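Hi,

Here is the structure I promised to pass on.

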Amino acid sequence: MRHDDLGGGLAGTALYEMVVAHTRGTWPAARAAAQAATAQPLAAHPDEASLYRGVPAVAYALHFAKPPASSRTLANLDAETIAIVATRLDAAQRRMDSGRPPRMAEYDLISGLTGLGAYLLRRERQAALERILRYLVRLLTEPLTVAGSQVPGWWTADGPRGLPEDGAFRTGHSNFGIAHGMPGPLALLALASRAGVTVDGQEQALDEGITFLTTWAQPSSDGTIGWPELLKLPDFLNGPVSGGEPGRPSWCYGTPGIGRALQLAALARRNGRARRFAEHVVLSSITDHRRLSQLEDITLCHGWAGLLLTCDRIATDAMTPTITNELPVLRSHLSAHMVRHEIPENAGLLSGNAGVLLTLHTLSTPRPADLGWETCLLLN
């Protein structure tokens, strides 16, 4: 277990303790968690550090400290993070200029520039954030050519595991998950717009992302609607088809996470039609028992906690109360699963106990502090 890992390590525990301390009004546990997360050197090399690992991960958790963590400590971590961003952006721009498709970790939320942009948005580092937004605009609006065919600029050269592969994925793939694919950049552009941070071309990028996701929502074999998790090149070139099997309704790759990205983009562009469509597709996924039966754990990334938190945030901005009306049902599913399965013992936000406990705290506290910790998930 890494101390400086937000998703599966002690940085995630520190984030949980920071947020909960705002409600408790006591800070010893939060300070102890911060000390554990910073007890060893933090990953700071641009090839290793990201929102979920190293300097940015720990700084993100410390951002929520009260009284604030040492201003010198956070200032130093900010400076290191901004330097990491600059190095990674320079490499990404060179890759773009060459016409090659990106690796997934170049731009995604977990390892890439979208995640670093989420950090900068929460830390209100506007100049560095604007550089990432300009990169994402180019990523979403400038197509690439792969194997003689035109594909979006975010078409990744990797297979689903984030590595170049032979066989079916030798020409890469189109990734639809908010954690690793195009909805992540789209959600960040939308959240930045909400915060009043915009760059040239941002509206066009949001519009193109909205068009892409509304086009690729496909009817499944039972008539409900959802998005594929990923597409190989031949499937992408064939266009949307109906009759596929419904996917797991998780935050990371499922329809709720993708739907939140589309809803946020529609809100940013005041596109009521796309907003209603996003909410309709999410509703169809959370009222489909075949989809819900695919959730096998309670984690934030893949399981019931992530589904419930995502749908709660969607409901907050929904045009109709239909999703809100389903939240008690989803909560009962989470409670029933917790009776049968214990909360994970391992640390971390995405796959461990911190994410489950933080979700329960956020959704169970009568008036939780509105800290915006969910920016690391691109939900708020």
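Below are notes on one helix and on the cysteines.

First, the ground rules: this is a predicted model, where local features need pLDDT of at least 70, side-chain atom pairs count only at pLDDT 80 or more, and totals for chains, interfaces and linings use all residues. Residues are numbered from 1 along each chain as its sequence is written, and side-chain values use heavy atoms, with hydrogens and water left out.

Helix α8 covers residues 183–194 (helices are DSSP runs of H or I with at least four residues, strands are runs of E with at least two, both numbered from the N terminus). After α8 comes G196, with a positive phi near 85 degrees.

α8 is largely enclosed by the rest of the structure, because 10 of its 12 residues are buried (under 20% relative accessible area with a 1.4 Å probe, protein chains only; over 50% is exposed, in between is partly exposed). Among the buried ones are P183, L186 and L189. Their cover includes α6 (113–123), α7 (126–141), β3 (174–175) and α11 (255–268), going by contact (heavy atoms within 4.5 Å).

Now the cysteines. How many disulfides does a search of the whole structure find? The count is 0, with a disulfide taken as a pair of cysteine sulfur atoms within 2.5 Å. For C252, the closest cysteine sulfur is in C301 at 3.8 Å, too far for a bond. C376 also has C301 as its closest, but at 12 Å. C252 is buried at 2% relative accessibility, and C376 is buried at 0%.

Cheers

Terms used:
Expected span 1.5 Å × (residues − 1).
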